[in-house]
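The exercises below are to be worked with the sequence and the coordinates at hand. Each task is followed by a solution in steps.

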Amino acid sequence: MTAGSVSKNDMIASTMRATYEKRRSQECRVFKVKIQRSSLSRSQMDQLQMLFIEAKWCYNSMIAFMKDNDISDYDTKAKTVVHKDKDGKDVTSEYGQLPVSIRQTIQARIKSSLKTLATRKKRGFKVGALGFTSHVGSLEYKQYGVTHKILDRHKVKLQGIKGTIRVNGLDQFLGGPDYEIANWKLLRMPDGYYIAITTYIDKDKVERKAKNGRTVGIDFGCRTSFTTSDGDKESVTVRETERLKHLQKKIAKQEKGSQRWLRTRQLIAVEYQKIDNRKKDKANKTIARFRENSVVIIQDEMLPLWHKSHFGKTVQHGILGRVKSGLMRHDDTIVLSRSLPTTKLCRECGHLEKVKLSDTEFHCSVCGCAEDRDVHAARNMVWLFEHNVGVERTEIKRGEIREALDKAFANSRAEGR
């Protein structure tokens, strides 16, 4: 290794450290813009399609290479790639569209996946191995100004695609000069191509809505999606459309692999995307409404287990998981241990009442306290937060709960509450 290369590596490392420090004081925001399909030339459409086809070849080639080699030794600068044809035979093709920079991001993605699998294995989880794929849905562009850039309010440039590309949606952030543009992801969705643009903005420059100064507990449920400690209830479901049901019946009668079957399958994928977009919209609006409160308290519910139970359809059509993950990304959300008896606890006397799944009301057999079951659970969340029970440790053991509750009630009585 020469002195010049050492100096260059030091400069790269120094730049990465500086960027890391800078990102700590910034907030990341991702904006999605849609490529105008009607404005693409035939050549550009072919180039976009081949980008994703060659990305699939590249990914599967790397997976095959890993059987006897280290993924780090894979030559991302090779001019050809070995892949399977429709008959399952090995074919060697030249790269025509996929830039070396994207091949390197695919390699980095596989390394990251391997690291994640190794970490989970060390923690005792049962893990499998990375397998071949029939579909690559995203391509990452890392060097803004080199592999990708914005030309004006409606045009962008992407490495691997000749000419400019017209898009809709850049006005989401172009009006704000404080946004620093970073990585992009080219996405292939059922209804067309999109670009997910990652941006950063200094935290002190972010305009934030004023909070109402209140603390609210939110109980997640299957009969009623969300119940707040204020007594508000809301059920949110997005079910399959009649069009989707019609297409599913239609494809069942078609010959698998035929052109009509492929076309119907594409229409089904588009319909599922529309349903997903509706869920995402409802979840974002629900999260924004809850975050008007200064402190939001939720319980770390095991939603996947709900999905496997007889409430599976309700969870599938709802937005519980999206809202939970969305709230947990913010510092003003408090997550209580899933072991805490938020439904069984009587906060008047401390008794743990047996409550059946079919019960809609909570009734304490000791002190006679009665309350709507879900409202009771939400208000208990606020009480537990105020008394610091199960707040710092989301994995509090069941044997410690009674001791923590007794201590909380003792302190409450001492304070005259």
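**Exercise 1. Describe the seven-stranded sheet of this predicted model.**

Solution. Step 1: the strand order is 4-8-9-1-7-6-5, the sheet is open, and its pairing is antiparallel. Step 2: strand 4 (138-141) and strand 5 (148-150) are the edge strands, each pairing on one side only. Step 3: from one strand to the next, the twist averages 30°. Step 4: strand 4 and strand 8 (residues 180-189) run antiparallel and are joined by four bridges. Within that pair, Leu139 has Leu186 of strand 8 as its bridge partner.

**Exercise 2. Is Gln26 buried or exposed, and which side chains does the side chain of Gln26 contact?**

Solution. Step 1: locate the residue; Gln26 belongs to strand 1 (residues 26-35). Step 2: the cut-off for a buried residue is under 20% relative accessible area. Gln26 has a relative accessibility of 7%, so it counts as buried. Step 3: look for polar partners. The side chain of Gln26 makes a polar contact with the side chain of Glu180 at 3.4 Å, and another with the side chain of Asp202 at 3.3 Å.

**Exercise 3. Describe the sheet of five strands and find its edges.**

Solution. Step 1: this open sheet has the order 12-11-10-13-14, and its pairing is mixed. Step 2: strand 12 (233-234) and strand 14 (333-336) are at the edges; each has a single partner strand, so one side of each lacks a neighbour in the sheet. Step 3: for a pair inside the order, take strand 10 (residues 215-220) and strand 11 (residues 226-228), which pair in the antiparallel sense over three bridges. Phe220 has Phe226 in strand 11 as its bridge partner.

**Exercise 4. Classify the packing of helix 5 against helix 4 and against helix 8.**

Solution. Step 1: helix 5 (residues 259-290) packs with helix 8 (residues 320-328) at an angle of about 45°, and their axes are 9 Å apart. Helix 5 is therefore oblique to helix 8. The crossing of these two helices is right-handed. Step 2: helix 4 (residues 242-252) packs with helix 5 at about 155°, with the axes 10 Å apart. The cut-off for roughly antiparallel is an angle over 145 degrees. Helix 4 and helix 5 are therefore roughly antiparallel to each other, and their crossing is left-handed.

**Exercise 5. Check the span of helix 9, then describe its burial and its ends.**

Solution. Step 1: helix 9 covers residues 373-386, which is 14 residues. The expected span is 1.5 Å times one less than the number of residues. This gives 20 Å, and the end C-alpha atoms are 20 Å apart, so the two agree. Step 2: eleven of the 14 residues are buried, and helix 9 is thus mostly covered. Among the buried residues are Arg373, His376, Asn380 and Trp383. Step 4: after helix 9 comes Asn388, with a positive phi near 55°.

**Exercise 6. How many helices and strands does the protein have, and what box do its C-alpha atoms fill?**

Solution. Step 1: the secondary structure comprises ten helices and 16 strands. Step 2: along the principal axes, the C-alpha atoms fill a box of roughly 80 × 65 × 50 Å. Step 3: 38% of the 417 residues count as buried.

Conventions
Residues numbered from 1 in each chain as written. Predicted model: local features only at pLDDT ≥ 70, side-chain atom pairs only at ≥ 80, totals over all residues. Heavy atoms only, no water. Buried < 20%, exposed > 50% of the residue type's maximum accessible area, 1.4 Å probe, protein only. Polar contact = N/O pair within 3.5 Å; in protein donor to acceptor, adjacent residues only side chain to side chain. Pairing = 2+ DSSP bridges. Axes fitted to C-alpha atoms, helices over the stretch in contact; angles between N-to-C directions. Parallel < 35°, antiparallel > 145°, perpendicular 65-115°, else oblique. Left-handed = near helix turned anticlockwise from the far one by under 90°.
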